[in-house]
Structure formats: structure tokens, C-alpha cells
Amino acid sequence: PGTQAPLQVWRRGGNTRDLVVVVGEMAEDKLGANRLAKGGKLSEPLANRFGLVLGELTSEQKRELKVSSGLVVEEIRAATVRTELRTGDILIALIAKGATTELKSVEQFNKLLAQFDKGSNVTLLVRRGEMQTFITIKGFNG
């Protein structure tokens, strides 16, 4: 980590561009470490009512993204939930019934979902790359 490495990027039309990148170090997989089951094997992470497997942002991720809180979408399991969410999206807030709630933990998010009936609409403030957008999940099956 910290060393420089040459990188060549191939672009459309056959153009190339030479870059120099600084090698970084990946943060420890705290989520993976927390999922260790008896016997040292990874247990399957649980999905919530939306069929989403979420993770909490590390301090470093919050700093890089310039956010104070949020949850990362690690996996989308429920094929029945029609959503525009993608793996890697950052859930910033949940908006429902006129109230906006900043998302700070997976536990908090799941407790919020438990308050809604089948057929409820829930809107999420989502960050994807440099863009923020609202995504509404309509009539989820809970």
C-alpha cells in the first residue's frame, strides 16, 4: 500500500490512456468477521422484509462518501420485490407517512420496516456514486 503502479485504460474507439494509481489497502471485512458461526464458518447474512442484505458503513466509508450515516446494499435476494435498488447503493434515509428518518443502523432500519403494513409505500433516499435519488418501493409484501 502507498506504492504507485502504472495502469493503461482502454477507451471506446480504441484510444488508450496511461495513468498512475496509488495502491491502497482494503479495510478489514468487519461484516464478514461478525458473521462467523460456530465452527469458524461464515453464517449466511439475514435479509430484511425487502429481501435486502444491508451493512453499516465504516468510519472510513462515511468520510470518503462525506455522509454522517447510511447503509450499504450488500445483496438483493427477493426477486418478488420490484425495486430500482442495486448492490452497492447507499441508503441515506427512509421517508414514509410524511416523516424522514436518517438511517443509522441495520437494526433501526428493520424496526422501521416492521411498523409498515403490507401494501405500504416506502421511499428511500439513495446515494449511487455521486448522485442522490429517491426510490419508492410500492406495496412491498413484508
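Let me begin with Glu130, which forms a salt bridge with Arg127, the closest N and O atoms being 3.9 Å apart. This is a predicted model, so please hear every distance I mention as computed from it. With a salt bridge taken as a side-chain nitrogen of Lys or Arg within 4 Å of a carboxyl oxygen of Asp or Glu, the 3.9 Å separation of Glu130 and Arg127 counts.

How many salt bridges does the rule give here? The count comes to 3, and I will take the other pairs in turn.

In one of them, the side chains of Asp89 and Arg128 meet, with 2.7 Å from N to O. Asp89 belongs to the loop between β4 (71–76) and β5 (90–96), while Arg128 is in strand β7 (residues 122–128), and so this pair ties together parts that are 39 residues apart in sequence. If you look for Asp89 in the structure above, bear in mind that this residue is buried, its relative accessible area being 2%.

The remaining pair is Glu107 with Lys111, whose side chains meet in a salt bridge at 3.2 Å, again from N to O. Where do Glu107 and Lys111 lie? Both are in helix α3 (residues 106–114), and they are 4 residues apart, which is about one turn of the helix.

Key: Residues are numbered from 1 along each chain as its sequence is written. This is a predicted model: local features need pLDDT of at least 70, side-chain atom pairs count only at pLDDT 80 or more; totals for chains, interfaces and linings use all residues. Side-chain values use heavy atoms; hydrogens and water are left out. Helices (H or I, at least four residues) and strands (E, at least two) are DSSP runs, numbered from the N terminus. Buried means under 20% relative accessible area, exposed over 50%, partly exposed in between (1.4 Å probe, protein chains only).
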